Amino acid sequence: MKIDLRKLTGNNAIPFEGTVDLRDEGFLQAAYSGEVRSHLGVLRLTGTIQAVYSTCCARCLEPLEIPVKAETDTLLTHDENAAETEDEVCLLTGEEIEVEEILVPALLLELEMVYLCRPDCKGLCPVCGVDRNKQDCGCANKKIDPRLAALGSLLRTDGE
């Protein structure tokens with residue numbers, strides 16, 4: 001959604017809300033709302049974006065739907081010096097702003113690297129592939145890496 005910043009005069013605001021298709025990024029739905037406000041000549045975009053992220057548990061591959069929310073308070077400016085000193089600044093190149101270009105990156109930054117179905121997830125068996133949360137497979141868990149097998153002799157207590 002584009003907002004024409006020339007409509008902001010004095011100390012007023014332009015509210016916005018909408019949805020954005022983020023299926024390519026793994027989201028099921030995404031909705032945003034907020035406003036662009038002019039206060040004493042300073043333009044500021046404040047907004048919230050909410051979405052449902054579709055992913056899998058990193059250990060057992062169980063499908064997950066994670067609600068994600070991001071809020072932003074971004075200064076809009078034509079001044080390149082302000083863009084270097086402030087944290088959340090959007091450098092304007094024209095008289096319009098695309099609010100999704102600010103809100104979508106804020107949402108993506110809220111994603112975690114790994115999601116688990118629960119903190120104590122046991123994951124998949126590396127031998128047979130069974131989900132250890134649902135059943136015990138009985139596979140030997142102590143498989144020694146052949147590159148480290150020689151170190152096992154240091155742990156023997158049989159009198160050597």
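**Close-up views of a predicted model**

**View 1. Strands β4 and β5 form an antiparallel pair.** β4 pairs with strand β5 (residues 63-77) over 14 bridges. Two strands pair if DSSP finds at least two bridges between them. Strands are DSSP runs (E, at least two residues), numbered from the N terminus. Thr46 has Asp73 in β5 as its bridge partner. The β4 and β5 hairpin has six residues between the strands, and Leu61 there takes a positive phi near 65°.

This is a predicted model: local features need pLDDT of at least 70, side-chain atom pairs count only at pLDDT 80 or more, and totals for chains, interfaces and linings use all residues. Residues are numbered from 1 along each chain as its sequence is written, and side-chain values use heavy atoms, with hydrogens and water left out.

**View 2. Phe16 and Tyr32 form a tilted aromatic pair.** The structure holds three aromatic pairs. Rings of Phe, Tyr and Trp (its six-membered ring) pair if their centres lie within 6.5 Å; planes under 30 degrees apart count as stacked, over 60 as edge-to-face and the rest as tilted. Here the values are 6.1 Å centre to centre and 50° between the planes. Phe16 lies in strand β2 (residues 13-19) and Tyr32 in strand β3 (residues 27-39), so the pair ties together parts 16 residues apart in sequence. Both Phe16 and Tyr32 are buried (under 20% relative accessible area, with exposed over 50% and partly exposed in between; 1.4 Å probe, protein chains only).

**View 3. Phe27, Tyr53 and Tyr115 are linked into a cluster by ring pairs.** The ring centres of Phe27 and Tyr53 are 5.2 Å apart with planes at 55°, so this pair is tilted. Phe27 sits in strand β3 and Tyr53 in strand β4 (residues 42-56), 26 residues apart. Phe27 counts as buried at 2% relative accessibility. Tyr53 counts as buried at 16%.

Conventions
Helix = DSSP H or I, 4+ residues; strand = E, 2+ residues; numbered from the N terminus.
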